[in-house]
Amino acid sequence: MKQILALIPLALLAACAAPQMDEAPVMPAEDTCGAAPHAALIGQNANALERVFLMGQVRVIHPDTAVTMDYRSERLNFIINGDGQIARITCG
């Protein structure tokens with residue numbers, strides 16, 4: 001009986017475990033945030049964003065930057081890699 005009682009806290013901790021970060025959210029097939037016109041920026045230095053007029057919700061995500069996990073289909077995300085270049089552009 002003591003062995004079973006000892007396992008209860010472990011089971012509760014497992015239920016509270018953080019979600020896996022390697023699971024990407026499902027993205028819609030359509031370009032809901034207007035990312036397509038900015039595709040030419042991929043591979044350029046992140047400073048290139050200073051010369052682009054961007055309207056609406058925009059988020060620039062550098063490595064190790066904390067971001068909210070809420071999904072907003074109209075939000076434009078610029079993902080910057082470790083070299084300071086624009087690696088991806090996504091909606092969400």
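A polar contact is a pair of N or O atoms within 3.5 Å; within protein, one atom must be able to donate a hydrogen and the other to accept it, and residues adjacent in sequence count only if both atoms are side-chain atoms. The model toured here is predicted, so local features need pLDDT of at least 70 and side-chain atom pairs count only at pLDDT 80 or more, while totals for chains, interfaces and linings use all residues. Residues are numbered from 1 along each chain as its sequence is written, and side-chain values use heavy atoms, with hydrogens and water left out.

**Whole chain**

Helices (H or I, at least four residues) and strands (E, at least two) are DSSP runs, numbered from the N terminus. The accessible surface of the chain is about 7,000 Å², and 61% of this area belongs to carbon and sulfur atoms; the areas come from the Shrake-Rupley method with a 1.4 Å probe, and for residues only the protein chains shown count as cover. Of the 92 residues, 22% are buried, where buried means under 20% relative accessible area, exposed over 50%, and partly exposed in between (1.4 Å probe, protein chains only).

Two strands pair if DSSP finds at least two bridges between them. Strand 1 and strand 2 are parallel, with four bridges, and here Arg59 stands opposite Asn77. Strand 2 and strand 3 run antiparallel and are joined by five bridges; on this side, Phe78 faces Ile89 of strand 3.

**Arg75**

Move to the loop between strand 1 and strand 2, where Arg75 lies. Arg75 counts as buried because its relative accessibility is 8%. A polar atom of its side chain lies 2.7 Å from the backbone oxygen of Asp70. Beyond four places in sequence, Arg75 has contacts (heavy atoms within 4.5 Å) that include Gln57, Val58, Arg59, Thr90 and Cys91.

**The nonpolar core**

Select Cys33, Ala35, Leu41, Ala46, Ala48, Leu49, Leu76, Phe78, Ile80, Ile86, Ile89 and Cys91: these twelve residues are the largest nonpolar core. Such a core is a set of buried Ala, Val, Leu, Ile, Met, Phe, Trp, Tyr and Cys residues joined through side-chain atoms within 4.5 Å. Strand 2 (76–80) and strand 3 (86–91) each contribute at least two of its residues.

Centre on Leu41. With neighbours within four places set aside, Leu41 is in contact with Ala48, Leu49, Val52, Phe78, Ile86 and Ile89.

Finish at Ile86, in strand 3. Ile86 is buried, its relative accessible area being 1%. Among the residues that Ile86 touches beyond four places in sequence are Leu41, Ala46, Leu49, Phe78 and Ile80. A C-alpha distance drawn from Ile86 to Ala40 gives 9.9 Å across a sequence separation of 46 residues.
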